[in-house]
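Have the sequence and the 3D view ready as you read.

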Amino acid sequence: MNSSSTGELARVESELLARWPESRLEPSLTRISALVDLLGNPHRAMPVIQVAGTNGKTTTARMIDELLRGFGLRVGRFTSPHLESMRERIVLDGEPVSPERFVETYADIAPYVQMVDAAGEHPMSFFEVMVGMAYALFADAPVDVAVIEVGMGGTWDATNVADARVAVVTPVAMDHAEYLGSDVATIAGEKAGIIKADSIAVLAHQQPGALDALIRRAVEVDVVVAREGTEFGVLERRVAVGGQQVRLQGLGGEYDEVYLPLFGAHQAQNAATALAAVEAFLGAGAATGPIEQETVRAALGAVRSPGRLERVRTSPTVLIDAAHNPAGMTATVEAIRESFDFTRLIGVVGAVRGKDVAGMLAALEEICAEVVITQNSAERALPADELGALAVDVFGADRVSVSPRLGEAISEAIELAEAGPDDALGGSGVLVTGSVITAGEARTLLSGRRP
């Protein structure tokens with residue numbers, strides 16, 4: 001990328017970031033509907049597989065993308081938030097769009113965005129404009145199918161301007177309660193808004209209240225439902241080097257000897273959900289039998305999910321994980337216990353306001369000998385001193401240190417891990433977690449790139 005392209009990309013990113021952030025919401029589809037109408041309804045140019053839920057959305061979307069491309073389809077994928085680059089959100093043919101195409105797409109839609117801004121009470125948000133860019137780019141490509149991850153909720157999320165052919169809901173848990181509701185049933189009811197007439201609903205394992213809300217919506221709009229544990233699921237799994245070996249029940253039959261290069265039971269469940277979504281999209285079921293098994297094995301074996309229990313360094317092992325709520329952190333803790341033989345693990349934790357930080361710390365306390373508390377660069381970052389006080393309540397003062405700069409916190413954690421008595425046995429490690437932003441910034445720092 002030349003200096004001119006770099007400058008143009010930086011200008012576009014700056015203009016986008018000047019808009020309402022993702023943390024500021026005004027629930028309405030009015031602005032995004034006006035934009036796509038002005039753009040000629042690009043969201044209707046291709047079938048959509050939409051993914052909602054609390055945890056596992058991005059990884060499930062990545063798996064769906066990989067499977068669809070394995071079957072020869074051209075795929076556009078929209079996910080959020082990003083770890084390191086804004087371009088990660090809009091993926092074409094398995095790769096983030098180029099800087100040049102990102103800039104060109106923004107330039108194409110910018111005049112129409114300005115028209116919507118001028119006509120409304122509120123200007124379009126960062127997320128709404130990104131959604132508009134994704135749909136416009138996918139229509140222009142063109143793609144055979146778009147895999148679209150919901151930003152937050154479902155009914156009022158900007159992505160929901162499209163009508164999904166397959167509506168996927170990953171596990172629903174407590175998160176964003178200030179916007180979505182104070183219990184899982186209410187939150188699930190909001191996420192159920194992606195299930196519409198003529199779609200197929202693919203539901204991962206849910207808590208009872210959440211499942212009831214999702215099934216209620218499916219009955220209301222009279223759609224076919226596939227549920228984890230009934231129509232599809234994980235039949236068997238065992239730990240393997242670098243991941244796990246799984247046997248999956250799909251809508252069309254069993255898929256055995258599938259290697260998944262990701263850790264934890266939750267990732268096997270994500271794979272089963274993604275497979276069912278692709279089977280539903282391709283029209284597979286009990287009457288047709290499984291889709292091509294070797295293609296499924298190759299696709300799932302190629303899946304990568306950056307920032308999701310990702311090993312970025314050895315000696316000591318440093319893992320990065322984007323868990324940002326208690327349910328996600330519990331899944332991470334269980335996966336570490338199962339897949340890693342740490343005798344001493346040091347946590348590095350940076351979180352944002354509005355999260356159940358105490359719940360996350362409680363989950364981490366079970367496996368971390370000590371924690372180094374830090375903060376990321378987000379505007380909503382929880383100050384390190386404030387987070388440190390919460391950590392002391394959970395871990396005790398002797399197991400907590402505070403280092404506000406993330407890079408210094410990681411260095412301190414590595415030193416603590418290396419100083420452990422079991423380091424010679426290779427049993428020490430570091431886990432950087434607490435927020436997608438923390439994970440992304442740590443990934444940049446540990447790769448040697450400038451943050």
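Glu8 has a relative accessibility of 33%, so it counts as partly exposed. Keep in mind as you look that this is a predicted model. The side chain of Glu8 meets that of Arg11 in a salt bridge, with 3.0 Å from N to O. Where do these two sit relative to each other along the helix? Both belong to helix α1 (residues 3-17), and because they are three residues apart, about one helical turn separates them. Arg11 itself is partly exposed, with a relative accessibility of 35%.

Arg11 has another partner in Glu15. This pair also forms a salt bridge, and here the closest N and O atoms are 2.8 Å apart. Glu15 and Arg11 lie four residues apart in helix α1, about one turn of the helix. With 34% relative accessibility, Glu15 counts as partly exposed. The general idea behind such pairs is simple: side chains of opposite charge can pair when their charged atoms come close.

Now move along the chain to another pair. Arg77 and Asp65 form a salt bridge whose closest N and O atoms are 2.6 Å apart. This one links distant parts of the chain, for Arg77 is in strand β2 (residues 75-78) while Asp65 is in helix α3 (residues 57-70), 12 residues away. Are these two partners buried or exposed? Arg77 has a relative accessible area of 4%, so it is buried. Asp65 is at 0% relative accessibility and therefore counts as buried too. The pair also belongs to a network of salt bridges, which links Asp65, Glu66, Arg69 and Arg77. Across the model, the count of salt bridges comes to 25.

Our last stop is a meeting of two helices. Helix α14 (residues 406-418) and helix α15 (residues 436-447) have axes that come within 10 Å and cross at roughly 75°. Angles of 65 to 115 degrees count as roughly perpendicular, and α14 and α15 are therefore roughly perpendicular to each other. Which residues make the contact? From α14 come Leu406, Gly407 and Ile410, and they meet Thr438, Glu441, Ala442, Leu445 and Leu446 in α15. Sorted by class, the contact of α14 with α15 has five nonpolar residues, two polar ones and one charged residue.

Definitions and conventions: Residues are numbered from 1 along each chain as its sequence is written. This is a predicted model: local features need pLDDT of at least 70, side-chain atom pairs count only at pLDDT 80 or more; totals for chains, interfaces and linings use all residues. Side-chain values use heavy atoms; hydrogens and water are left out. Axes are lines fitted to C-alpha atoms, for helices over the stretch in contact, and angles run from 0 to 180 degrees between N-to-C directions. Angles under 35 degrees count as roughly parallel, over 145 as roughly antiparallel, 65 to 115 as roughly perpendicular and the rest as oblique. Contact means heavy atoms within 4.5 Å. Ala, Val, Leu, Ile, Met, Phe, Trp, Tyr, Cys and Pro count as nonpolar, Asp, Glu, Lys and Arg as charged, and the others, Gly among them, as polar. A salt bridge is a side-chain nitrogen of Lys or Arg within 4 Å of a carboxyl oxygen of Asp or Glu. Buried means under 20% relative accessible area, exposed over 50%, partly exposed in between (1.4 Å probe, protein chains only).
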